[in-house]
Amino acid sequence: MNEIADNLAALLERLEKACARSGQKPGAVRLVAVSKGFPAPAVAAAAAAGQRAFGENYLQEAHDKIEALRDAGLEWHFIGPIQSNKTREIASHFAWVHGVERLRIVERLSVQRPAGLPPLNVCVQVNISGESAKAGCPPQQAAELCAAVAALPRLRLRGLMAIPAAVEDAEAARPAFRALRSLFERVRSGRGVKPVDFDTLSMGMSADFEVAVEEGATLVRVGSAIFGKRPQT
């Protein structure tokens, strides 16, 4: 597990350098360690090295890890597609949701968020590359959906999230990141959104997070660069 700590340290150094290139202060960009597919001991190793926020895509797998590490004080982010029959569990066990793309799902999360918990932080997912098989709302619908999220109780609209089309060269993802940043600024200055809360641009993964930071990301979601190659399922 020492390899995970070493990987995390190297990643944080790269992240700090990317922040410097983009004019952001050190620590301005949050890191979510995407732990899907990796067991609880791997998460514990990253936590022991100082990582607090972890991202999961699959509810049952995430639930098992959350229970196993309940006393570690970790922050859990759900970053996968959300089915209607999963909303109650997600609303009850996660601090953040990054994959909201439909109003019906948002409404269920709002109703099912336990009153004893802080508001659920929500990022609206945008299909910024226009891929037919990719999740996310069309860019032209993002402002309307964001305003609807912001109006619901028990939720806190935090920003936008996207997974651009896969590319071999990270530089090729720059136009998509730039487009999402532009959309973020338009939505943030529009009606129905609280600018003080709308502070998160969730974009960038292991292969392209440095370019994403250079284009304005405030949160990156990185898995393999920390945990290594994901086990085959």
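**Figure 1. P81 sits in the loop between β3 and α4.** Helices (H or I, at least four residues) and strands (E, at least two) are DSSP runs, numbered from the N terminus. The model is predicted: local features need pLDDT of at least 70, side-chain atom pairs count only at pLDDT 80 or more, and totals for chains, interfaces and linings use all residues. Residues are numbered from 1 along each chain as its sequence is written, and side-chain values use heavy atoms, with hydrogens and water left out. P81 has a relative accessible area of 59%, so this proline counts as exposed. D197 lies 116 residues from P81 in sequence and 23 Å from P81 in space, C-alpha to C-alpha.

**Figure 2. The buried residues of helix α2 (residues 40-48) and their neighbours.** The buried set consists of A40, A42, V43, A45, A46 and A47. Helices α1 (2-22), α3 (59-68) and α9 (224-227) pack against these residues. Strands β2 (53-56) and β3 do too. Beyond the helix comes G50, with a positive phi near 110 degrees.

**Figure 3. The buried side of helix α6 (residues 142-150).** A142, L145, C146 and V149 are the buried residues here. They cover an arc of only 100 degrees around the axis, so they share one side of α6. The arc is taken over the directions from the helix axis to the C-beta atoms. The cover over this side includes three strands: β4 (96-100), β5 (120-125) and β6 (155-161). It also includes the helices α5 (103-112) and α7 (174-188). Contact means heavy atoms within 4.5 Å.

**Figure 4. R154, in the loop between α6 and β6.** R154 is not a glycine, yet its phi is positive, about 70 degrees. Its relative accessibility is 26%, so R154 counts as partly exposed.

**Figure 5. G136, in the loop between β5 and α6.** This glycine is buried, because its relative accessible area is 13%. Leaving out residues up to four places away in sequence, G136 touches E101, Q125, V126 and N127. G27 is 109 residues away from G136 along the chain, and their C-alpha atoms are separated by 28 Å.

**Figure 6. G190 and V193, two residues of the loop between α7 and β7.** Strand β7 covers residues 200-202. Buried or exposed, how does V193 count? V193 is buried, at 9% relative accessibility. G190 is partly exposed, with a relative accessible area of 32%. Which residues does V193 touch, not counting those up to four places away in sequence? They are C146, L157, V187, R188 and F198. C146 is also one of the buried residues of α6. Two C-alpha distances complete the view. G190 and A143 are 7.5 Å apart in space and 47 residues apart in sequence. V193 and A151 are 8.5 Å apart in space and 42 residues apart in sequence.

**Figure 7. The whole protein chain, as context for the close-ups.** The chain holds 9 helices and 8 strands. Its radius of gyration is 17 Å, which agrees with the value near 17 Å for a compact globule of 233 residues. That radius is taken over C-alpha atoms, and the globule rule is 2.2 Å times the number of residues to the power 0.38. The C-alpha trace spans about 45 × 40 × 35 Å along its principal axes. Buried residues make up 47% of the 233. Of the contacts between residues at least 6 apart in sequence, 59% join residues at least 24 apart. The accessible surface comes to about 11,100 Å², and 52% of that belongs to carbon and sulfur atoms. Areas come from the Shrake-Rupley method with a 1.4 Å probe; for residues, only the protein chains shown count as cover. The mean positions of the 29 positive and 25 negative charges are 6 Å apart. Lys and Arg count as positive, Asp and Glu as negative, while His and the chain ends are not counted. Each charge is placed at NZ of Lys, CZ of Arg, CG of Asp or CD of Glu.

Conventions. Buried < 20%, exposed > 50% of the residue type's maximum accessible area, 1.4 Å probe, protein only.
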